Amino acid sequence: SPSPCWGGGGEPRPPRVTWPVKADATNPVWNSSRLLGCAEEGAVVVVDFYDHDESAAYDVTKLSGSRPDFIGRAVLPVADLPVGGGSVEALLELPRRSLSLSSLRRALQPPGHPPACTLARVAPSMLRGPRRKVVYLIRHGESLWNEAQADKDVYGMLSDVDHPLTAEGRAQAEALAAQLSAAAGATPGGDSLLESTQVLCSPLTRAVQTCLIGLAPLLAGEGPRVRVVTLDPNLREKRNAMGKDSSGKWVGGKLQAGVRTTLRALYDDAPERAAPLCEVPLDLEMVQAKWWLGSRETEASVDARIEELGARLCYSPHNVIAVVGHSHYFRQLFRAQLDERATLDGGDASALTVQKLSNAGVARCEVEFRAEGARITAVQLLPGTELV
């Protein structure tokens, strides 16, 4: 995990911010921003990288707990980071002491390439707040795991990982697509789901299938609409003790190939309907290496992923965003980010913190990005969506 700050003369000093740990990652990608404040003339950005053991209880923000291994430091003058000028590579300065073998492996990946990080600086206008956006939270359709759980079929739940949609899940996603198509004649320019200009999706198969089927009118429509689905591991489901369904199967290009294979199997009765779904491009930048956990995930880890998602949404140039994910993750997101005065369809919104969105359900969220983070101020359930 990196921990950057402004500094003078190469020495770090406040403010100090952190990014969350990326488990089992040799080339981690965060793709989100943090506010560092105003930089003085001659200031530099100092980024420290650490290798965390999975069991370590170290909090880099408080400098307490079992300290992880220090990998190295990147120092880059702020003047070398032009606003909106794209990313800049900075080489890591390795410590003089010997690194542990695990740290060395992580620091020197890929082989033969000097360890480095890339940074980018966003425009000052992106930092003015509070910023307000509309975010659509979309739960995946019924999966084979959901079906096995309802039937109390333990073998069906535990015999595989990353289950795809059932026939019922396909029908639920198709119902969402039909709802969007029916709304396509509405006057454009608003903040409806069909006007989303960015689509983020969990890399788990059931979520990607739901995204490609349910948002097909958005992804395949004409005009200035989104054409790519960005897979973001921060959106994966919370990994419980028995939650094998929250573990992935594939990374990189194999993930895209796997999703296409499952779509063709789902539409074995109508292959012509699967073909256009398989043509939608997936942004695989953040899933090039293992992106899931193989054991139970802590509440703190999920909260860190939720905070990271908020940072990504805050500094995104898009103001209407579709997010496809999972019931437990969304419920914990509401617990973390629901404003105390938030409303649900004009009434009390507290049910969102104890109940779940129905399969292929959609919640329209009005989000304010404040100094303390993202706060959801109003939620509206789209027709056909229930809390269960």
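Colleague: In which sense do strand β14 and β15 pair, and over how many bridges?

Modeller: Strand β14, residues 362-370, pairs with β15 in the antiparallel sense, over eight bridges. This is a predicted model. A hairpin of two residues links β14 to β15, and R370 has G373 in β15 as its bridge partner.

Colleague: What is the order of the strands in the open sheet?

Modeller: The open sheet has nine strands, in the order β10-β9-β8-β11-β7-β14-β15-β12-β13, and its pairing is mixed. Each of β10 (282-283) and β13 (347-348) has a single partner strand, so one side of each has no neighbour in the sheet. As a general idea, side chains in a regular strand alternate between the two faces of the sheet.

Colleague: At what angle do helix α7 and helix α8 pack, and how far apart are their axes?

Modeller: Helix α7 (residues 252-266) and helix α8 (residues 271-278) pack at about 160°, and their axes are 8 Å apart. An angle over 145 degrees counts as roughly antiparallel, which is why α7 is described as roughly antiparallel to α8. The crossing of α7 past α8 is right-handed.

Colleague: Which residues meet where α7 contacts α8?

Modeller: From α7 come R260, L263 and R264, which meet A274, L277 and C278 of α8. By class, the residues of this contact comprise four nonpolar, two charged and no polar.

Colleague: Where in the protein is confidence lowest, and where is it highest?

Modeller: The mean pLDDT of the protein is 83, with 78% of its residues at 70 or more. Confidence is lowest in helix α1 (residues 101-107), with a mean of 47, and highest in helix α5 (residues 205-214), at 98. Over residues 98-108 the pLDDT is below 50, and this stretch has 19 contacts in the model beyond near neighbours in sequence. Residues 6-10 also stay under 50, and the model gives them 18 contacts beyond four places in sequence.

Key
Residues numbered from 1 in each chain as written. Predicted model: local features only at pLDDT ≥ 70, side-chain atom pairs only at ≥ 80, totals over all residues. Heavy atoms only, no water. Axes fitted to C-alpha atoms, helices over the stretch in contact; angles between N-to-C directions. Helix = DSSP H or I, 4+ residues; strand = E, 2+ residues; numbered from the N terminus. Parallel < 35°, antiparallel > 145°, perpendicular 65-115°, else oblique. Left-handed = near helix turned anticlockwise from the far one by under 90°. Contact = heavy atoms within 4.5 Å. Nonpolar A, V, L, I, M, F, W, Y, C, P; charged D, E, K, R; others polar. Pairing = 2+ DSSP bridges. pLDDT = per-residue confidence, 0-100.
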